[in-house]
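This report describes a predicted model. It takes up the fold of one chain and then the contact between two chains.

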Protein chains: 2
Amino acid sequence: MKIEVEQDLFSKEAELAEINRAIFRERGLCALNLLAGPGAGKTSLIKAIAAMVDFPVAVIEGDPASQIDTDLLNSLGIPAFQINTEGGCHLEAEMVTRALAEFRPAPHSLLVIENVGNLICTAVYPLGEVLRVVMLGVSEGDDKPFKYPDIFQEADAVVLNKMDLAAHVDFDKNRFYDGVRRLSESVPVFELSCKSGEGLPEWTAWLTQRAAEYWTGA
Amino acid sequence: MKIEVEQDLFSKEAELAEINRAIFRERGLCALNLLAGPGAGKTSLIKAIAAMVDFPVAVIEGDPASQIDTDLLNSLGIPAFQINTEGGCHLEAEMVTRALAEFRPAPHSLLVIENVGNLICTAVYPLGEVLRVVMLGVSEGDDKPFKYPDIFQEADAVVLNKMDLAAHVDFDKNRFYDGVRRLSESVPVFELSCKSGEGLPEWTAWLTQRAAEYWTGA
């Protein structure tokens, strides 16, 4: 019985996500669902992307409360729109649909949807995105793919952030890659630091290529 | 309508938590609900507590998947019992009740319930605990009390871990304390590092006193 209810929920969520997918396509928005735990550096990554790519970047921010990141991004000239979930632990497609009624980024923008800081529930709610990126800081530990497999399993890319801290924390890279590869043989992993800038060129090159493929319909 | 459903849910959860509270009292277990995001250092804190206090420590581990931490703790002689939520984002009272049917720590143990790594949903499910402790690493950022107010609001103590990384990350302690104090004027905050050991004596002294108060019925 429980399984039936869940299947109903997820097929309804998949339908709602298709509404967003059509809006993204119509408006020429390449949507990226950015998934991570609290404090992995999602907003820092968005700032780095916006500074490095040659197409416009816009942001939908999901948080249980506050609009700290939205205010910060707007102050930097990066158009951002806040969704507060009022304690909810993930964004849902319908929240994004409502945001898109008000929020109209320039055509051919990369639209980063910064999901709520959560490695669990966010994994199972599709938002109609083209790209799904999971981000982790080395300070969060090498065991996360084993503990939170669902979110790594469906990722189009994994960003391993805070490499500048690698020398100061016990992060076993072999164990981390072993965990990721058990879930996906081919997902690209980008080791980088939003603080030092290392690894950002490789990551933005990948992102630029994937966005170009979307815009040209490849 | 939505509010009524939530109230029903939460009053049912509160009732189920009372069942655990009675079991804890009957068995002389001082239950601590340990709440944090992924990778804040919950298991490291448990190891530190067990090494420093003079009463037995037992652990219920909540994870979406794996029993990495349970195996580790048992290998160190700290009795631990795994609950896998199969993708669920928080522990619920009934899961703990079922665990307690099998798992029987020594009387007058501190029973640490290491909740699922999540700063959101875990806040609203009482487990019948005596103490509720929220833990954060400085590498997760100083803005967390503003973004995740619910979990800080109800805490009996806040542990600020990874102070050994403080010099390497941009963590504004004034901003963090400002955020915490807006939610609670009096909650104690323990700055410590499970890695370097700094701050652990003050934290375990507080914990020992609170556990003694519970066991003596003060």
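## Fold of chain A

Of the 218 residues in chain A, 59% are buried. In this predicted model, chain A holds eight helices and seven strands, and its C-alpha atoms fill a box of roughly 50 × 45 × 40 Å along the principal axes.

A compact globule of 218 residues would have a radius of gyration near 17 Å, and chain A, with 17 Å, therefore agrees with that expectation. Among the contacts in chain A with a separation of 6 or more, 73% are accounted for by residues 24 or more positions apart.

## Extent of the contact between the chains

Chain A and chain B bury about 2,600 Å² between them, with 60% of that area on carbon and sulfur atoms. Pro38(A), Ile120(A) and Lys147(A) supply 23% of the area that chain A buries against chain B, which is more than any other three residues. The contact takes 34 residues from chain A and 34 residues from chain B.

## Polar and charged links

Between chain A and chain B there are four salt bridges, and in one salt bridge the side chain of Lys147(B) meets that of Asp69(A) at 2.6 Å, N to O. Twelve residue pairs, both residues at pLDDT 80 or more, are in polar contact between chain A and chain B.

On the side of chain A that touches chain B, the elements giving two or more residues are helix 3 (68-75), helix 5 (144-147) and helix 6 (149-153) of chain A, and helix 5 gives the most, with three residues. The residues of this side of chain A divide into 14 nonpolar, eight polar and twelve charged.

Notes: Residues are numbered from 1 along each chain as its sequence is written. Chains are lettered from A and ligands numbered from 1 in the order in which they are written. This is a predicted model: local features need pLDDT of at least 70, side-chain atom pairs count only at pLDDT 80 or more; totals for chains, interfaces and linings use all residues. Side-chain values use heavy atoms; hydrogens and water are left out. Contact means heavy atoms within 4.5 Å. Buried area is the accessible area (1.4 Å probe) that two parts lose on being put together, summed over both. A polar contact is a pair of N or O atoms within 3.5 Å; within protein, one must be able to donate a hydrogen and the other to accept it, and residues adjacent in sequence count only if both atoms are side-chain atoms. Helices (H or I, at least four residues) and strands (E, at least two) are DSSP runs, numbered from the N terminus. Ala, Val, Leu, Ile, Met, Phe, Trp, Tyr, Cys and Pro count as nonpolar, Asp, Glu, Lys and Arg as charged, and the others, Gly among them, as polar. The radius of gyration is taken over C-alpha atoms; the globule rule is 2.2 Å times the number of residues to the power 0.38. Buried means under 20% relative accessible area, exposed over 50%, partly exposed in between (1.4 Å probe, protein chains only).
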